[in-house]
Amino acid sequence: MNAKLDSSVTTRPVTRQTFDEVLVPTYAPANMVPVRASGLDLWDQTGKHYLDFTSGIAVSALGHCNPIVVEALTRQANTLWHLGNGYTNEPVLRLALAMTEATFADRAFFCNSGAEANEAALKLARRHAHNKFGPHKSRIVSFLNSFHGRTLFTVSVGGQSKYTEGFEPLPPQIDHLPYNDIEAARANITDDVCAVIVEPVQGEGGVMPGNVEFLKELRALCDKTGAVLIFDEVQSGMGRTGSLFAYMGYGVTPDVLTSAKALGNGYPVAAMLTTEELGQTLSVGTHGTTYGGNPLAATVALTVFDTINQPAFLARVKEASLTLIGKLEQLVKDYPQVFTAVRGAGLLLGLVVAEPFKGRSKDIQRAAEAQGLMVLIAGPDVLRLAPALVVTDAQINEADRLLRLALDGMIKAA
Ligand code: PLP
């Protein structure tokens, strides 16, 4: 019998080793293979339990298999999955209404990933400048250490050259300025700039919050030059910082905002939000994607959005953030040889690695995992914590306990 037709293909045993044999090696995943999860609890193939303080890289904001989201997805799965762009659907219309009513935006475009939302934002900015000012206004300004996705355009706009090496020739007319540097922004955001793209809090680049004065200056410079100000809120948005979107906490409003990650709680969906005038730039036929805002994705996003966009939910994120920051500050005091500082916003927090452990955030991550705590890194010198926004105080205490056990082990072995 043809092995491909044998039904055991769906049930045969697989291991971490299988990854090394058949996946393109773009990732180096952990040795354990997660099989089941609920809330912040997760179990691997051997039945070992982990407390998940990664939420799938700031994605599963409502926790794994959240019953409200599961119910919505299941209901929609039994109703209508997909149509294609020749038809609209009720969930996407409701989602667009909810997201525009809650934000500065008048128009929404839906797609499937953060990179795609940024791609749409950048294409919109280029086309807007082209239409309104002419093709000379094409320069894009971005910031060092930023991360905007992995398509060729977005990875070129991102400010980490390690991700573009070997992929040249890159799209031209992209400049990277130091983050939080007002003088550099003033000197370089000139009339030939069509877009300034910035993460209000840099996530992948080391959990670095933007200064309010810096973001305000970017707003002023974009107003002066006619450049489009794009806030990449793929990581910082959807309640992660304690505001629905980080721009609200900063009091600086962009022209375009991108959202993904937590928007779908793990279901692939992303949004680009913008104003009435800018939205008209992407007229019929200028941009699109097969799955963008399909009924399944839109239903999940609408349910997640409605759950997070509640004052009590966001107030709890702020409260949990203060509790976690308090624990981490004490940890820095107790382990000065491992960490020097806590930084970040809301429940997107980084522990900066001290000199004796420089370059070893991955080792700390592995040690935590051995104790049953999943954490992230943000480069070699920052340990990143991004638990689900529904994290309880008891789970924060437990994470603190497990991280201390991991650090004690590392220090002993050093
Ligand atoms: N923008 C930011 C700020 C991100 O953190 C990420 C992913 O980490 C992306 C864009 C890319 O999103 P995706 O991986 O969904 O394409």
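The protein chain falls into two parts: domain 1, made of residues 7-65 and 311-413, and domain 2, covering residues 68-308. Keep in mind as you look around that this is a predicted model.

Let's start with how the two domains meet. Taken over C-alpha atoms, their centres are 26 Å apart. Across the boundary, 29 residues of domain 1 are in contact with 24 residues of domain 2. Together, domain 1 and domain 2 bury about 2,200 Å² between them, and carbon and sulfur atoms give 62% of that area. If you want to find the domain 1 side of this boundary, look for Leu 62, Leu 314 and Leu 348: these lose the most area to domain 2, and together they make up 26% of what that side buries.

Four strands form an open sheet in the order 13-14-17-16, and their pairing is antiparallel. At its edges lie strand 13 (339-345) and strand 16 (376-377), each of which pairs on one side only. Strand 14 (residues 348-353) and strand 17 (residues 382-385) run antiparallel and are joined by four bridges. To see the two strands side by side, find Val 352, which stands opposite Val 382 in strand 17.

Next, follow the chain to helix 14, which spans residues 393-413 and includes Gln 395. Is Gln 395 buried or exposed? Gln 395 counts as buried because its relative accessibility is 17%, and the cut-off for buried is under 20%. The side chain of Gln 395 also reaches the backbone nitrogen of Thr 392, at 2.9 Å. Which residues surround Gln 395, once its neighbours within four places in sequence are left aside? Gln 395 is in contact with Leu 40, Leu 51, Phe 53 and Val 390.

Finally, a word about the cysteines. How many disulfides does a search of the whole structure find? The search finds zero. Take Cys 111, which is in no disulfide: the nearest cysteine sulfur belongs to Cys 194 and is 18 Å away. Cys 111 is buried, with a relative accessible area of 1%. Cys 222 is likewise in no disulfide, and the nearest cysteine sulfur to it is that of Cys 194, 10 Å away. Cys 222 counts as buried, at 1% relative accessibility.

Key
Residues numbered from 1 in each chain as written. Predicted model: local features only at pLDDT ≥ 70, side-chain atom pairs only at ≥ 80, totals over all residues. Heavy atoms only, no water. Buried < 20%, exposed > 50% of the residue type's maximum accessible area, 1.4 Å probe, protein only. Polar contact = N/O pair within 3.5 Å; in protein donor to acceptor, adjacent residues only side chain to side chain. Contact = heavy atoms within 4.5 Å. Disulfide = S-S within 2.5 Å. Pairing = 2+ DSSP bridges. Domains from an automatic or database assignment. Buried area = accessible area lost by both parts, 1.4 Å probe.
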